[in-house]
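User: I have a chain here that I would like to go through. Can you take me over the main points?

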Amino acid sequence: MTGSTVRPPAYQQLADELRAEITSGRLQPGERLPPEPELCVKIGVSRSTVREALRLLASQHLIVTTRGVTGGSFVAHPDAEQLADGLSTGFALLTHSAAVGLADLLELRRALEVPAAGLAAVRRDESHLVELQGALFDPGIDDLATMLAAHADFHRAIAKATGNPLFELVGRPIYQAAYGEEVIGSLPEGYWTRIDSDHRAILDRLTAQDAEGATRAAANHLDYIARTLR
(Lines give C-alpha, C1' and ligand atoms only; values in the text may rest on other atoms or scores of the structure.)
Protein backbone atom coordinates (compact mmCIF):
# COMPACT_ATOMS: atom_id res chain seq x y z
CA MET A 1 0.00 0.00 0.00
CA THR A 2 1.47 3.31 -1.00
CA GLY A 3 1.06 6.35 1.18
CA SER A 4 -0.84 9.31 -0.23
CA THR A 5 0.89 12.67 -0.56
CA VAL A 6 -0.50 15.22 1.87
CA ARG A 7 -1.27 18.45 0.06
CA PRO A 8 -0.29 21.64 1.86
CA PRO A 9 -3.15 23.94 2.91
CA ALA A 10 -4.50 26.32 0.26
CA TYR A 11 -3.00 29.42 1.87
CA GLN A 12 0.45 27.77 1.84
CA GLN A 13 0.12 26.93 -1.85
CA LEU A 14 -0.87 30.51 -2.65
CA ALA A 15 1.98 31.89 -0.54
CA ASP A 16 4.42 29.57 -2.33
CA GLU A 17 3.20 30.79 -5.74
CA LEU A 18 3.48 34.44 -4.79
CA ARG A 19 6.90 33.86 -3.18
CA ALA A 20 8.12 32.31 -6.43
CA GLU A 21 6.90 35.38 -8.32
CA ILE A 22 8.83 37.64 -5.93
CA THR A 23 12.07 35.68 -5.67
CA SER A 24 12.23 35.17 -9.44
CA GLY A 25 12.00 38.92 -9.99
CA ARG A 26 8.73 38.73 -11.89
CA LEU A 27 7.29 40.88 -9.11
CA GLN A 28 9.71 43.71 -8.35
CA PRO A 29 10.28 45.58 -5.04
CA GLY A 30 7.61 48.23 -4.62
CA GLU A 31 5.27 46.55 -7.09
CA ARG A 32 1.69 46.10 -5.94
CA LEU A 33 0.20 42.61 -5.74
CA PRO A 34 -3.23 42.05 -7.28
CA PRO A 35 -6.06 43.09 -4.92
CA GLU A 36 -7.50 40.41 -2.63
CA PRO A 37 -10.76 39.97 -4.63
CA GLU A 38 -8.76 39.51 -7.82
CA LEU A 39 -6.54 36.89 -6.18
CA CYS A 40 -9.65 35.08 -4.92
CA VAL A 41 -11.03 34.79 -8.44
CA LYS A 42 -7.68 34.08 -10.10
CA ILE A 43 -6.63 31.32 -7.70
CA GLY A 44 -10.12 30.10 -6.81
CA VAL A 45 -9.83 30.43 -3.04
CA SER A 46 -11.66 32.29 -0.29
CA ARG A 47 -10.83 35.77 0.98
CA SER A 48 -9.65 34.32 4.30
CA THR A 49 -7.21 32.02 2.45
CA VAL A 50 -5.76 34.97 0.55
CA ARG A 51 -5.36 36.98 3.74
CA GLU A 52 -3.63 34.08 5.51
CA ALA A 53 -1.19 33.73 2.59
CA LEU A 54 -0.45 37.45 2.66
CA ARG A 55 0.10 37.36 6.43
CA LEU A 56 2.60 34.55 5.94
CA LEU A 57 4.51 36.49 3.28
CA ALA A 58 4.50 39.60 5.47
CA SER A 59 5.95 37.60 8.38
CA GLN A 60 8.79 36.56 6.04
CA HIS A 61 9.42 40.24 5.15
CA LEU A 62 8.56 39.60 1.51
CA ILE A 63 5.62 42.00 1.34
CA VAL A 64 4.30 44.99 3.25
CA THR A 65 0.59 45.74 3.54
CA THR A 66 -0.88 49.21 3.97
CA ARG A 67 -4.44 50.34 4.53
CA GLY A 68 -6.46 53.16 3.04
CA VAL A 69 -7.48 54.28 -0.44
CA THR A 70 -3.98 53.85 -1.85
CA GLY A 71 -3.23 50.81 0.29
CA GLY A 72 -2.65 47.22 -0.65
CA SER A 73 0.10 44.61 -0.51
CA PHE A 74 3.42 45.58 -2.04
CA VAL A 75 6.64 43.64 -2.64
CA ALA A 76 9.05 44.68 0.10
CA HIS A 77 12.36 46.34 -0.65
CA PRO A 78 15.13 43.96 0.51
CA ASP A 79 16.55 44.76 3.94
CA ALA A 80 19.60 42.80 5.05
CA GLU A 81 18.78 43.01 8.74
CA GLN A 82 15.23 41.73 8.35
CA LEU A 83 16.18 39.01 5.89
CA ALA A 84 19.02 37.85 8.15
CA ASP A 85 16.55 37.39 11.00
CA GLY A 86 14.86 34.73 8.89
CA LEU A 87 18.17 32.90 8.45
CA SER A 88 19.21 33.09 12.08
CA THR A 89 16.88 30.40 13.42
CA GLY A 90 18.04 27.77 10.95
CA PHE A 91 21.65 28.83 11.40
CA ALA A 92 21.38 28.53 15.19
CA LEU A 93 19.85 25.05 14.90
CA LEU A 94 22.69 23.91 12.66
CA THR A 95 25.45 25.31 14.83
CA HIS A 96 24.03 23.50 17.86
CA SER A 97 23.71 20.18 16.05
CA ALA A 98 26.23 17.40 15.66
CA ALA A 99 26.51 18.20 11.94
CA VAL A 100 28.24 21.55 12.41
CA GLY A 101 31.09 22.25 14.77
CA LEU A 102 33.07 25.24 15.94
CA ALA A 103 35.72 24.60 13.27
CA ASP A 104 33.03 24.88 10.58
CA LEU A 105 31.85 28.20 11.97
CA LEU A 106 35.38 29.61 12.08
CA GLU A 107 36.05 28.37 8.55
CA LEU A 108 33.00 30.25 7.30
CA ARG A 109 34.03 33.36 9.23
CA ARG A 110 37.44 33.29 7.55
CA ALA A 111 35.89 32.91 4.09
CA LEU A 112 33.78 36.01 4.72
CA GLU A 113 35.72 38.28 7.04
CA VAL A 114 39.12 38.35 5.36
CA PRO A 115 37.89 39.55 1.93
CA ALA A 116 35.25 41.73 3.63
CA ALA A 117 37.97 43.61 5.50
CA GLY A 118 39.79 44.33 2.24
CA LEU A 119 36.63 45.56 0.54
CA ALA A 120 35.65 47.66 3.54
CA ALA A 121 39.06 49.34 3.54
CA VAL A 122 38.46 50.54 -0.02
CA ARG A 123 34.76 51.35 0.22
CA ARG A 124 34.19 52.60 3.77
CA ASP A 125 33.04 56.14 4.44
CA GLU A 126 33.19 58.24 7.60
CA SER A 127 29.86 56.92 8.90
CA HIS A 128 31.23 53.37 8.78
CA LEU A 129 34.30 54.40 10.75
CA VAL A 130 32.10 56.06 13.38
CA GLU A 131 30.02 52.88 13.66
CA LEU A 132 33.14 50.73 14.02
CA GLN A 133 34.59 53.06 16.64
CA GLY A 134 31.33 52.78 18.57
CA ALA A 135 31.58 48.98 18.51
CA LEU A 136 34.91 48.91 20.37
CA PHE A 137 34.91 47.80 24.01
CA ASP A 138 37.18 48.17 27.03
CA PRO A 139 38.29 44.76 28.36
CA GLY A 140 39.36 46.42 31.60
CA ILE A 141 35.86 47.52 32.62
CA ASP A 142 33.26 45.90 30.35
CA ASP A 143 31.50 42.68 31.37
CA LEU A 144 31.32 39.54 29.24
CA ALA A 145 27.87 40.26 27.78
CA THR A 146 28.99 43.72 26.66
CA MET A 147 32.14 42.39 25.02
CA LEU A 148 30.28 39.59 23.22
CA ALA A 149 27.74 42.07 21.88
CA ALA A 150 30.44 44.54 20.85
CA HIS A 151 32.42 41.81 19.08
CA ALA A 152 29.36 40.92 16.99
CA ASP A 153 28.56 44.58 16.31
CA PHE A 154 32.11 45.25 15.11
CA HIS A 155 32.10 42.46 12.54
CA ARG A 156 28.58 43.32 11.38
CA ALA A 157 29.78 46.88 10.83
CA ILE A 158 32.68 45.65 8.67
CA ALA A 159 30.23 43.61 6.56
CA LYS A 160 28.10 46.72 6.16
CA ALA A 161 31.12 48.82 5.16
CA THR A 162 31.79 46.55 2.17
CA GLY A 163 28.82 48.17 0.47
CA ASN A 164 27.70 44.69 -0.59
CA PRO A 165 24.42 43.81 1.18
CA LEU A 166 25.08 40.10 0.66
CA PHE A 167 28.02 40.22 3.08
CA GLU A 168 25.70 41.83 5.60
CA LEU A 169 22.94 39.29 4.95
CA VAL A 170 25.18 36.23 5.34
CA GLY A 171 27.26 37.70 8.14
CA ARG A 172 24.48 38.67 10.54
CA PRO A 173 23.39 35.12 11.48
CA ILE A 174 27.04 34.16 12.02
CA TYR A 175 27.56 36.89 14.60
CA GLN A 176 24.30 36.01 16.34
CA ALA A 177 25.49 32.43 16.84
CA ALA A 178 26.83 31.65 20.29
CA TYR A 179 29.95 29.57 20.81
CA GLY A 180 28.39 27.82 23.80
CA GLU A 181 28.96 28.15 27.52
CA GLU A 182 31.62 25.43 27.53
CA VAL A 183 33.73 27.52 25.14
CA ILE A 184 33.07 30.95 26.64
CA GLY A 185 33.71 29.61 30.14
CA SER A 186 37.18 28.29 29.28
CA LEU A 187 38.68 31.31 27.55
CA PRO A 188 42.27 32.02 28.67
CA GLU A 189 43.27 35.11 30.60
CA GLY A 190 43.98 37.97 28.23
CA TYR A 191 41.64 36.69 25.51
CA TRP A 192 39.44 39.77 25.40
CA THR A 193 42.43 42.09 25.62
CA ARG A 194 43.79 40.45 22.46
CA ILE A 195 40.37 40.65 20.73
CA ASP A 196 40.18 44.35 21.53
CA SER A 197 43.71 44.86 20.21
CA ASP A 198 42.87 43.00 17.00
CA HIS A 199 39.74 45.07 16.43
CA ARG A 200 41.70 48.29 16.87
CA ALA A 201 44.33 47.05 14.41
CA ILE A 202 41.68 46.24 11.83
CA LEU A 203 40.02 49.63 12.34
CA ASP A 204 43.40 51.34 11.94
CA ARG A 205 43.90 49.67 8.54
CA LEU A 206 40.34 50.52 7.46
CA THR A 207 40.90 54.14 8.44
CA ALA A 208 44.09 54.20 6.36
CA GLN A 209 42.22 52.53 3.46
CA ASP A 210 44.92 49.85 3.46
CA ALA A 211 43.18 46.84 1.90
CA GLU A 212 46.18 44.51 2.13
CA GLY A 213 46.83 45.45 5.74
CA ALA A 214 43.15 45.05 6.61
CA THR A 215 42.94 41.52 5.18
CA ARG A 216 46.15 40.59 6.99
CA ALA A 217 44.84 41.98 10.29
CA ALA A 218 41.53 40.13 9.83
CA ALA A 219 43.35 36.86 9.08
CA ASN A 220 45.58 37.28 12.16
CA HIS A 221 42.49 37.93 14.27
CA LEU A 222 40.83 34.70 13.12
CA ASP A 223 44.07 32.74 13.46
CA TYR A 224 44.20 33.75 17.12
CA ILE A 225 40.56 32.83 17.74
CA ALA A 226 41.00 29.45 16.02
CA ARG A 227 44.15 28.63 18.04
CA THR A 228 42.49 29.64 21.29
CA LEU A 229 39.15 27.89 20.79
CA ARG A 230 40.55 24.74 19.20
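This is a predicted model: local features need pLDDT of at least 70, side-chain atom pairs count only at pLDDT 80 or more; totals for chains, interfaces and linings use all residues.

User: How many helices and strands does the protein chain have?

Analyst: The protein chain has eleven helices and two strands. In sequence order the pattern is α-α-α-β-β-α-α-α-α-α-α-α-α.

User: What share of the residues is buried?

Analyst: Of the 230 residues in the protein chain, 40% are buried. The accessible surface is about 13,000 Å², and carbon and sulfur atoms account for 55% of that surface.

User: And what part of the contacts comes from residues 24 or more positions apart?

Analyst: Counting contacts with a separation of 6 or more, 74% are between residues 24 or more positions apart.

User: Let's look at helix 5. What span should helix 5 have, and how far apart are its end C-alpha atoms?

Analyst: Helix 5 covers residues 102-123, which is 22 residues, so at 1.5 Å a residue it should span 32 Å. The end C-alpha atoms are 31 Å apart, which agrees.

User: Which residues of helix 5 are buried?

Analyst: The buried residues are L105, L106, R109, L112, E113, V114, A116, A117, G118, A120 and A121.

User: Where does A161 lie, in which helix?

Analyst: A161 lies in helix 7. A161 counts as buried because its relative accessibility is 1%, and the cut-off for buried is under 20%.

User: What is A161 in contact with, leaving aside its neighbours within four places in sequence?

Analyst: With those neighbours set aside, A161 is in contact with A120, R123, R124 and H128.

User: Which residues line the largest cavity?

Analyst: The lining consists of L112, E113, A116, H155, I158, A159, F167, G171 and Y175. Helix 5, helix 7 and helix 8 (165-176) each supply at least two of the lining residues.

User: Now the aromatics. How many aromatic pairs does a search of the whole structure find?

Analyst: The search finds three aromatic pairs. One of them is F137 with W192, an edge-to-face pair at 5.8 Å centre to centre with 75° between the planes. This pair links distant parts of the chain, 55 residues apart: F137 is in the loop between helix 6 (126-134) and helix 7 (144-161), and W192 is in helix 10 (residues 191-207).

User: Is F137 buried or exposed? And W192, buried or exposed?

Analyst: F137 is buried, at 3% relative accessibility. W192 is buried as well, with a relative accessible area of 12%.

User: Which residues do ring pairs link into a cluster?

Analyst: The cluster is made up of F137, Y191, W192 and Y224.

User: Last thing, backbone angles. What is phi of H61?

Analyst: Phi of H61 is near 60°, a positive value in a residue that is not glycine. H61 is in the loop between helix 3 (47-59) and strand 1 (63-66), and H61 is partly exposed at 30% relative accessible area.

User: And what about phi of Q209?

Analyst: Q209 has a positive phi of about 55°, and Q209 is not a glycine either. Q209 sits in the loop between helix 10 and helix 11 (211-229). With a relative accessible area of 44%, Q209 is partly exposed.

Note on methods. Residues are numbered from 1 along each chain as its sequence is written. Side-chain values use heavy atoms; hydrogens and water are left out. Helices (H or I, at least four residues) and strands (E, at least two) are DSSP runs, numbered from the N terminus. Buried means under 20% relative accessible area, exposed over 50%, partly exposed in between (1.4 Å probe, protein chains only). Contact means heavy atoms within 4.5 Å. Accessible areas come from the Shrake-Rupley method with a 1.4 Å probe; for residues, only the protein chains shown count as cover. Rings of Phe, Tyr and Trp (its six-membered ring) pair if their centres lie within 6.5 Å; planes under 30 degrees apart count as stacked, over 60 as edge-to-face and the rest as tilted. The expected span of a helix is 1.5 Å times one less than its number of residues. On a 1 Å grid over the protein atoms alone, a cavity is a set of points where a 1.4 Å probe fits but cannot get out, and a pocket is an open set with protein on both sides within 12 Å along at least five of seven lines; lining residues have an atom within 4 Å of a point.
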